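Hello,

Here is the structure you asked to look at. My notes follow below it.

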Amino acid sequence: MAVGTVLVTGGTGYIGSHTSLALLENGYDVVIVDSLYNSSVVAIDRIELLCGKRPAFHQVDITDEAGLDAVFKEHPAIDSVIHFAALKAVGESGEIPLEYYRVNVGGTIALLSSMTKHNVTNIVFSSSATVYGDATRFPNMIPIPEHCPIGPTNSYGRTKSTNELIITDHVEAQRNNLRKAGKPFEQWNGALLRYFNPCGAHPSGIMGEDPHGVPYNLLPLLGKVATGEREKILVFGDDYDSKDGTAIRDYIHVMDLARGHLAALNHLRSTHPGVQAINLGSGRGSTVFDIINAFSKAAGRELAYEVVPRRQGDVLDLTANPALANEVLGWKTELTLEQACEDLWRWVQNNPKGYRQEPPAELLDAVKAKAKAA
Ligand code: NAD
Ligand code: WQD
């Protein structure tokens, strides 16, 4: 008997696939909806290879409310949603903001509306540390606590902060309306998870990030330098007020992040807290040069870089204060930056074409041997 059944939107994507695996490994049944806009259906096969259980999959667009209705109807056991499906390229969001609002905000409204019709009442939402904008504009806000004022500096970030408000308003309204009607209301809950910088891959080397198009994040780009697909990494500014002049981020292993979703879901289902915003980060800041050094070590050679001017919209420091997650979720990061770099390198080195190729036989054999032993 499953602990519960979870709808995972965007479940074939980078964070969604690792989280779906963590849910299945911890006794949940998983139903994935994804349009495959930025992902591959092969991720489902890899999840099954790793845990021996296959999530249900429906190719549905998150803005298609009738499509979502049909999924909830087919899977009446669903009681919770983890909502990843979104567009996420910061630069692109400034070029086509309407499309970002249509998919990210319109999709969330369609989802909440469909959930309400089908009495599905817990939502864990993928928010982002980008909602804080430049936290150094206030005194004493690094590392960043959840009460730091919100102030995103790009359209992508504004879709996230808008969704946080929509989810908060809807869950609170459902609770109030049910309370006034004398009915149980505590089943309505939301976790707004503000992730810092996710990185790394599954340690097996058969599951990882495989975006369509050109990546823009630091670690996937460094992966391309390490495989020789790119000549060097451009370092966006060495004139920040940090130990080496480069900007500071809080990098979090995707396996830790996946566990954070599991902890948040369990928290909603067991303690009925209403809506809470929670940082998921390590509390440890690393500069761009720290990352280049760590990934060079994992790849076994010095990776070439060139310092260029700052990238527009970048901020000095996004480091989490993870105390709330530690306290209310009983969760903290366990894996190091070095492990994230090693796991990312194992994924990139063995799967240069991502999911468009079979992984090497020895990796698959190791996965099968581990499954047999378990
Ligand atoms: P991803 O692109 O790998 O995953 C997003 C998934 O959503 C993909 O599988 C994509 O196909 C799907 N999707 C996109 N548009 C859709 C639509 N219209 N209908 C249905 N599915 C659709 O990205 P990710 O890094 O795994 O991010 C997951 C979530 O976490 C996103 O909401 C993202 O904004 C958020 N987030 C990511 C980061 C990061 O750095 N990766 C940081 C903070 C927050
Ligand atoms: C990290 C650091 C760059 C590329 C973004 C989104 C955020 C979240 C995570 C979704 C910065 C530097 C980068 C390069 C570089 N995503 N850099 N050369 O900007 O912290 O966060 O992804 O929610 O919302 O804004 O991540 O990986 O792009 O950059 O020097 O080629 O690496 O300046 O200091 P960022 P990133």
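Helix 1 gives the shell around ligand 1 its largest share, 3 residues. (Helices are DSSP runs of H or I with at least four residues, strands are runs of E with at least two, and both are numbered from the N terminus.) At least two shell residues each come from helix 1 (14-25), helix 5 (97-117) and strand 5 (122-128). There are 26 residues around ligand 1, and Gly10, Gly13, Tyr14, Ser39 and Ala86 come nearest; a residue is near a molecule if its C-beta atom, placed from the backbone, lies within 6 Å of it.

This is a predicted model: local features need pLDDT of at least 70, side-chain atom pairs count only at pLDDT 80 or more, and totals for chains, interfaces and linings use all residues. Residues are numbered from 1 along each chain as its sequence is written, while chains are lettered from A and ligands numbered from 1 in the order in which they are written.

In helix 7 (residues 218-227), Leu218, Leu219, Leu222, Gly223 and Ala226 are buried, meaning that 20 or more other C-beta atoms lie within 10 Å of the residue's own, with C-beta atoms placed from the backbone. They sit on the same side of helix 7 because they cover an arc of only 140 degrees around the axis, taken from the directions from the helix axis to the C-beta atoms. Just after helix 7, Gly228 has a positive phi of about 90 degrees.

The chain has 12 helices and 14 strands. Of its 374 residues, 47% count as buried.

Regards

How values were computed
Buried ≥ 20, exposed ≤ 12 C-beta atoms within 10 Å, placed from the backbone.
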